[in-house]
Amino acid sequence: TLSATSSIDLRGTTVEEAMLDLDKFIDGVLRTGLNEITIIHGKGTGVLRSVVHGELKNMKHIRSFRLGTFGEGEAGVTIVNIV
């Protein structure tokens, strides 16, 4: 289903695992033509969120990203728009 490929849950992973999983996920998404994805990183200490945001800033296929709003997962998720 579409929902299975439009989000990734990185909660509980190490930073290294999260970066590998995120890169693989984004590569797969680029082939599907989706233009919006959700990255679930949880709220926690914010380490995973900041690493994910740092990685997204360096990806040329990412148009923009923002934290989720109420009902989307708020600070526990990042909504990403793909070029």
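1. A quick convention before the rest: buried means under 20% relative accessible area, exposed means over 50%, and partly exposed falls in between (1.4 Å probe, protein chains only). By that rule Glu 72 is partly exposed, at 32% relative accessibility.

2. Bear in mind that this is a predicted model, where local features need pLDDT of at least 70, side-chain atom pairs count only at pLDDT 80 or more, and totals for chains, interfaces and linings use all residues. Residues are numbered from 1 along each chain as its sequence is written, and side-chain values use heavy atoms, with hydrogens and water left out.

3. On to the salt bridges (a side-chain nitrogen of Lys or Arg within 4 Å of a carboxyl oxygen of Asp or Glu): the count is 3. Glu 72 pairs with Arg 66 at 2.9 Å, N to O, and Arg 66 is partly exposed too, at 35%.

4. Glu 74 meets Lys 43 at 3.9 Å, N to O. Glu 74 sits in the loop between E3 and E4 and Lys 43 in the loop between E2 and H3, so this pair ties together parts 31 residues apart in sequence. Helices (H or I, at least four residues) and strands (E, at least two) are DSSP runs, numbered from the N terminus.

5. Arg 11 bridges to Asp 9, with the closest N and O atoms 2.5 Å apart. Arg 11 is exposed at 52%, whereas Asp 9 is partly exposed at 38%.

6. As for the sheet, 4 strands make an open one in the order E1-E2-E4-E3, with mixed pairing; strands pair if DSSP finds at least two bridges between them. E3 and E4 (residues 77-82) run antiparallel, joined by 5 bridges, and Phe 65 stands opposite Val 80 in E4.
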